[in-house]
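This report goes through one protein model, from the whole chain down to single residues. The structure comes first.

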Amino acid sequence: MDLAPIVLFVYNRPEHTLRVLEALEGNHLANQSKLYIFSDGLKVNASKEDLNNIHYVRKIIKSKNWCKEVFITERIENLGLANSVIKGVSQVVEQYGKVIVLEDDILTGKYFLKFMNDALITYKNEELVFGVTGYKYPTKTAIKKQTYFLPIASSWSYGTWVNRWKQVDFNGCELIEAIESSKLERKMNFGNYPFYQMLKDQINGLNSSWAIRFYASMFLKEKYFLYPNVSLVENIGFDNTGEHCSKDDFFSNIKLYDNQIRVVQMRPNLNQNLVKLFENSFKSREIKNKISVFSRIINKVKRFFSI
């Protein structure tokens, strides 16, 4: 089997990194796979705690052979997550033609690598498929088909091919111009999620997300991501330790599935009933957030008048 190399990005979270590597090591096919680990360097004016954490992370990644072969790059300077991902993925995917990517807060189920490799092989020549992921966005209704397509991407584990990666425009200003000239601002906000605002924030330096530029590029090209009907990964980073991850029960309240999901080749098109299901799920998150904000305001008013 022509296995894709795995790329893992780590920085200063030793406990997360260890759990991610232990889960990856337990994967079917891990002992046949190549693993590339990119360890980002220390930020300017970083604390002693950060220095110690980076030291522990680097000690962990070198402590054993987590896969068949492990290649480690320790950055001297701090690139930041976005630049680290763009540079690291580009390097590996150009060498191998395809890649599976993880960050230091993504736990993988036993058959994650099997699913990702099967999907990368199956859809290699389907240009409409921009990438694959082991994550499943939350829905109240179970999905019968084991795999399906959505017009949105996922950065919580993903696989792609070199010819798709090269189609990504990491210039946010060019992406905004294309979206606004075609009046696609509202359409980009799948299920009312503020993807368009995230892209504007990236341009204005309020976030450094590579993923929003990846999604915007895919969106403009009207391409799809392949998803499993249960999540083969779990994000453990919603504890305020990550660069872009604060507490969010909507996305993080999903446990990984530890059994095999079969990849059967399908024509890459959208099941509109499924698209609507996920759009409504995203909208329910927005409603819950508004209710939560309103509740906090009411509680503050009550406390004020009880003084």
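**Basis**

The model is predicted: local features need pLDDT of at least 70, side-chain atom pairs count only at pLDDT 80 or more, and totals for chains, interfaces and linings use all residues. Residues are numbered from 1 along each chain as its sequence is written, and side-chain values use heavy atoms, with hydrogens and water left out.

**Overall make-up**

The protein chain has eleven helices and ten strands. Helices (H or I, at least four residues) and strands (E, at least two) are DSSP runs, numbered from the N terminus. Of the 307 residues in the protein chain, 49% are buried. Buried means under 20% relative accessible area, exposed means over 50%, and partly exposed lies in between (1.4 Å probe, protein chains only). Contact means heavy atoms within 4.5 Å. Among contacts in the protein chain between residues at least 6 apart in sequence, 82% join residues at least 24 apart.

**Helix α3**

Helix α3 (residues 80-96) has 17 residues and spans 24 Å from its first C-alpha to its last, close to the 24 Å expected at 1.5 Å a residue. The expected span is 1.5 Å times one less than the number of residues in the helix. The buried residues of α3 are G80, A82, S84, V85, I86, G88, V89, S90, V92 and V93. Their cover includes the strands β1 (6-10), β2, β4 (98-103) and β8 (158-161), together with the helices α5 (162-165) and α9. After α3 comes G97, with a positive phi near 90°.

**Two helix pairs**

Helix α8 takes part in both pairs described here, with α9 and with α6. Axes are lines fitted to C-alpha atoms, for helices over the stretch in contact, and angles run from 0 to 180 degrees between N-to-C directions.

Helix α8 (residues 195-203) packs against helix α9 (residues 211-220) at an angle of about 125°, with their axes 9 Å apart. That makes α8 oblique to α9; angles under 35 degrees count as roughly parallel, over 145 as roughly antiparallel, 65 to 115 as roughly perpendicular and the rest as oblique. The crossing of α8 past α9 is left-handed, meaning that the near helix is turned anticlockwise from the far one by less than a right angle (clockwise would be right-handed). On the α8 side, F195, M198, L199 and Q202 meet I212, R213, Y215 and A216 of α9. By class, this contact has six nonpolar, one polar and one charged residues. Ala, Val, Leu, Ile, Met, Phe, Trp, Tyr, Cys and Pro count as nonpolar, Asp, Glu, Lys and Arg as charged, and the others, Gly among them, as polar.

The axes of α6 and α8 come within 9 Å and cross at roughly 145°. This crossing is also left-handed. From α6, the residues G172, C173, L175, I176, I179 and E180 meet Y196, L199, K200, Q202 and I203 in α8. The contact of α6 with α8 has seven nonpolar, two polar and two charged residues.

The table gives location and relative accessibility.

| Residue | Location | Relative accessibility |
|---|---|---|
| Y36 | strand β2 | 8% |
| L29 | loop between α1 (14-25) and β2 | 6% |
| D118 | helix α4 (residues 112-122) | 16% |

Setting aside residues up to four places away in sequence, Y36 touches P5, I6, V7, L8, F71, V92, Q95 and Y96. Y36 and C67 are 31 residues apart along the chain, and their C-alpha atoms are separated by 9.7 Å.

With the same exclusion, L29 touches M1, L3, L113, K114 and N117. The C-alpha atoms of L29 and L3, 26 residues apart along the chain, are separated by 8.5 Å. Leaving aside its neighbours within four places in sequence, D118 is in contact with M1 and V263.

Most residues other than glycine have a negative phi. N45, which is not a glycine, has a positive phi of about 60°. N45 lies in the loop between β2 (34-39) and α2 (48-61) and counts as exposed because its relative accessibility is 77%.

K183, also a residue other than glycine, has a positive phi near 55°. K183 is found in the loop between α6 (172-181) and α7 (185-188). With a relative accessible area of 71%, K183 is exposed.
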